[in-house]
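The report below describes a structure chain by chain, with attention to its domains, its interface and a few backbone features.

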Amino acid sequence: MRDVAVVGFAQRQMEEFDGSPTCVELLVPIFAECYEQTGWSRKDVGFWCSGSSDYLAGRSFSFVQAIDSIGVLPPVNESHVEMDAAWALYEAWLKIQTGEVDTAVVFGFGKSSAGVLRRTLALQLDPYTMTPLWPDTVSIAALQARLGIDGGIWDERAMAEVVDRSLTDAEKNEYAVRAGGSSVEDLLARPMFADPLRKHDCAPVTDGAAALVLAAGDRARAVRERPAWITGISTFSDGLHLGTRDLTGSDSARRAAAAVDLGGVEVAELHAPFSHQELILRRELELADDVRVNPSGGPLAGNPMFTGGGIRIGEAARRVWDGTADKVLGHATSGPALQQNLLCVMAADPAEGSN
Amino acid sequence: MSRTLSAPVTVAFDYTRSVGPVLGRFFTGLQERRLVGARLADGRVVVPPPEFDPVSHEPATDFVDLPGTGTVTSWTWVSEPVKGQPFDRPFAFALVTPDGADVPMLHAVDVSSPEEMSTGMRVRARWAEEPQGGINDLTCFEPVGDSEAAPMVEVRGAPATSLETLVDEPVTGIITPVSLDYVYAASPEESAFFRGLAEGRILGQRCPACGKVYVPPRSACPVDGVPTAEEVELSDSGTVTTFCIVNVPFLGQKIQPPYVSAYVLLDGADIALQHLILEIPAEEVRMGLRVKAVWKPREEWSTTIENISHFAPTGEPDADYDTYRHHL
């Protein structure tokens with residue numbers, strides 16, 4: 001296996017982006033930041049891969065126009081996934097492993113505010129027995145939340161603690177869309193939105209884009225003193241049938257964890273768009289109590305669709321670059337109630353653990 | 001004035017889906033006011049029946065008839081319903097474990113406040129007056145009132161469904177309409193283009209790196225990946241670089257075929273604009289034909305390319321191939 005590292009990261013997040021859903025306008029300065037961080041031009045990038053969704057944009061092949069932001073003459077080696085940018089990163093990591101390329105830029109973008117996000121996401125459910133009822137993502141998460149509360153696995157106080165910690169940390173994140181710590185009591189006093197979830201238990205609808213830079217071996221060392229070497233990467237999915245899943249846990253998160261070495265992880269950026277889901281992930285990933293979770297504020301502070309998972313990986317990678325941590329985790333999720341989970345373990349030492 | 005123009009757009013399609021043998025059994029059952037589940041390899045009875053066992057991956061073949069009563073295993077209050085949900089006023093979504101099943105199914109419960117919902121409450125199916133085929137034939141669940149408390153129906157070795165159905169024709173396909181509403185915003189460059197059209201002007205933008213003029217303008221030059229800020233007003237005359245004679249009628253077509261859809265390279269532009277060619281027999285349209293925009297009456301103008309009704313021949317001699325060979 002080649003040593004591949006995350007060596008660049010840039011992001012934009014806002015409540016409502018008033019531009020085109022192609023997001024070219026957001027991506028141009030993001031790529032400029034990546035070039036600034038690496039000293040590269042687009043000619044140094046061996047492979048481009050994006051994550052986005054036509055359903056968010058409301059048009060087919062919506063991702064094609066986004067590549068105007070790259071400058072694609074002469075033609076570039078490019079791919080796309082109708083998924084979060086974290087999976088675009090997985091594809092790029094694989095591409096580099098084949099030896100075909102040594103560097104890659106992956107990016108995600110999405111204008112959730114163009115439609116009704118929680119309704120649009122009903123299209124990812126079983127089209128025969130579920131989508132015709134249009135179960136929104138918030139309702140599904142709420143059903144999961146109540147299962148845990150009724151089962152004594154977590155409670156509203158624990159959920160509020162996740163929120164308070166996240167929004168307090170978000171105060172230091174210039175990209176956060178929602179920020180400001182208060183107190184657990186204050187949070188519990190606020191009204192329900194989707195009983196038992198309150199608005200702050202749910203990630204805010206966010207528009208945005210982000211890009212990550214990958215490089216192999218010496219290409220990475222030339223860019224960063226402390227590259228965030230990917231020492232483990234895994235992705236698993238649970239089935240579509242909601243009833244046969246144990247929603248108080250996440251089988252696929254557990255299987256993803258078993259496929260990598262999470263021992264010694266100091267910082268974990270977890271893509272939990274709902275507060276109780278952070279509690280599920282901590283348990284399924286067996287994170288020790290002293291692991292610092294979502295120092296960025298996490299998705300409860302801002303969660304641009306199809307980008308939020310990639311942002312978790314970028315935020316985690318930064319902690320390796322700046323010397324805050326030697327081993328970190330970036331997690332991404334997709335699908336209803338933590339159905340799909342990707343783990344990206346990064347470390348200052350490329351030989352740390354084994355995958 | 002807002003930075004960008006926007007307009008509502010709805011994307012809709014009525015998907016028709018064949019259901020196959022497993023879901024067909026389930027949907028036929030709903031029409032007959034029966035809940036049909038399947039027993040999996042591990043003995044669990046699951047509703048709706050999965051087409052393939054999630055553990056053994058074998059097709060489900062062991063079908064089970066269930067009574068339409070059940071227990072709420074989880075619930076939430078939908079305080080702000082979205083379009084298409086079972087009710088257009090606040091209601092409950094719930095996980096309901098039907099009597100005789102081992103896992104829950106997701107559906108709505110018709111109550112008027114969250115105070116009426118509780119985990120463990122008993123509910124029964126409410127069936128559609130006129131079944132259409134599909135999950136909505138089970139309209140929702142409703143609470144079983146105290147006065148008519150239905151005890152938990154003990155279903156021992158739940159009866160297997162009979163091979164013969166009571167309806168004349170089993171369900172083989174369902175229609176699942178999808179309709180999504182968006183507010184579509186143009187980019188600042190496209191907005192400038194449309195605002196220009198409202199004034200009878202065609203505006204392009206020039207890339208500072210390669211000098212090419214794009215119309216409609218794009219947020220970045222696709223060659224160089226840099227924003228194209230310099231505005232360039234273009235002539236409304238140009239050259240046909242390529243064209244297509246549309247003969248085939250299709251859904252949503254606005255013009256009667258045959259008609260000509262063409263790429264017109266406006267004088268001053270580096271990429272061609274797509275529009276209609278009229279006032280010339282279709283078979284006479286050719287590459288190099290010189291054409292000019294025919295605008296609708298000014299009072300009909302808005303921020304739209306439709307201000308130009310079509311392009312018509314100017315009568316000039318055809319443009320030299322060299323003038324457009326690099327724009328094909």
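Domain bounds, as used here, come from an automatic or database domain assignment. In this predicted model, that assignment divides chain B into domain 1 (19–177), domain 2 (186–234) and domain 3 (237–328). The C-alpha centres of domain 2 of chain B and domain 3 of chain B are 20 Å apart, and the contact takes 13 residues from domain 2 of chain B and 14 residues from domain 3 of chain B. On the side of domain 2 of chain B that touches domain 3 of chain B, two or more residues each come from helix H2 (188–198), strand S11 (202–206), strand S12 (213–214) and strand S13 (230–234) of chain B, with H2(B) giving the largest share, four residues. By class, that side of domain 2 of chain B has nine nonpolar, two polar and two charged residues.

The contact between the chains takes 58 residues from chain B and 48 residues from chain A. The elements of chain B that supply at least two residues each to the side touching chain A include strand S1 (6–18), strand S5 (69–78) and strand S10 (173–185), and the largest share, nine residues, comes from S10(B). The residues on this side of chain B divide into 36 nonpolar, 15 polar and seven charged.

Chain A contains 12 helices and 13 strands. A compact globule of 355 residues would have a radius of gyration near 20 Å, and the 19 Å of chain A agrees with this. The C-alpha trace of chain A spans about 55 × 45 × 40 Å along its principal axes. Buried residues make up 64% of the 355 residues in chain A, and among the contacts in chain A with a separation of 6 or more, 79% join residues 24 or more positions apart.

Phe61(A) counts as exposed because it has 9 C-beta neighbours inside 10 Å, whereas Glu286(A), with 13 other C-beta atoms within 10 Å, is partly exposed.

Cis peptide bonds are found in both chains: one joins Asp195(A) and Pro196(A), with omega about 10°, and another runs from Pro257(B) to Pro258(B), with omega near 0°. Pro196(A) lies in the loop between strand S5 (192–194) and strand S6 (197–198) of chain A, while Pro258(B) lies in the loop between strand S14 (237–246) and strand S15 (259–266) of chain B.

Note on methods:
Residues numbered from 1 in each chain as written. Chains lettered and ligands numbered in written order. Predicted model: local features only at pLDDT ≥ 70, side-chain atom pairs only at ≥ 80, totals over all residues. Contact = placed C-beta atoms within 7 Å. Nonpolar A, V, L, I, M, F, W, Y, C, P; charged D, E, K, R; others polar. Rg over C-alpha atoms; globule rule 2.2 N^0.38 Å. Buried ≥ 20, exposed ≤ 12 C-beta atoms within 10 Å, placed from the backbone.
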